[in-house]
Amino acid sequence: MENLPKTRLRAIEPEDLEDLYLIENDQELWRVGITNVPYSRFALHEYLASVTGDIFTDKQLRLIIENMEGETIGLVDLCNFDPRHMRAEVGIVLQTRFHDKGYGRSAMLQLIRYSHEVVHLHQMYALVSLHNVRSMELFRTIGFQQVAEISDWLYDGEHYESVILMQYFL
């Protein structure tokens, strides 16, 4: 097995508010997600106060990715959780300075293991912008398969962008 950096996935804490604020308000990420407005610290504080951390209750699970030095690398999400069909959409965001170092792969492998052993998911899927080559490559190297292209899925305020649907069976 390749030599990946060690990462740890953990629940979001109130102390993560500032990191969450920076990630959620990074306009570069808005192109590839469903958000296109900034979040206030108050709104994120309320989110942190209301989330239970239980995917069956919240229908999502957001985890902080840390390196072994305790630095926040980014976030992984299981969202759009469907308990009847045991599937969830997956997303990952890394801070730019941690790109291309193996942290994303390490975190995703941990998330897959958790999703299989604890949540008992049958499948995970990702919707990846055609322009997001880094994410497509990450998901492919883990074993996600491209199963469809969806036209005009994302809108940046000026243009529509297509995505690919990638699936992983656990």
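Two strands pair if DSSP finds at least two bridges between them; helices (H or I, at least four residues) and strands (E, at least two) are DSSP runs, numbered from the N terminus. This is a predicted model: local features need pLDDT of at least 70, side-chain atom pairs count only at pLDDT 80 or more, and totals for chains, interfaces and linings use all residues. Residues are numbered from 1 along each chain as its sequence is written, and side-chain values use heavy atoms, without hydrogens or water.

Select β5 (123-129). Buried means under 20% relative accessible area, exposed over 50%, partly exposed in between (1.4 Å probe, protein chains only). 6 of the 7 residues of β5 are buried, so the rest of the structure largely encloses this strand.

β4 and β5 are parallel, paired over 3 bridges. Pick Arg87: its bridge partner in β5 is Gln123.

β7 runs antiparallel to β5, with 7 bridges joining them. Pick Leu127 and find its bridge partner in β7, Leu165.

Next, the core. A nonpolar core is a set of buried Ala, Val, Leu, Ile, Met, Phe, Trp, Tyr and Cys residues joined through side-chain atoms within 4.5 Å. The largest has 33 residues, and Met108 and Phe144 touch the most other members. α5 gives the most, 6 residues.

Centre on Met108. Beyond its neighbours within four places in sequence, Met108 is in contact (heavy atoms within 4.5 Å) with Val76, Val90, Ile92, Leu138, Phe139, Ile142 and Phe144.

Last stop: a second, separate core of 8 residues, among them Ile12, Leu20, Ile64 and Leu75.
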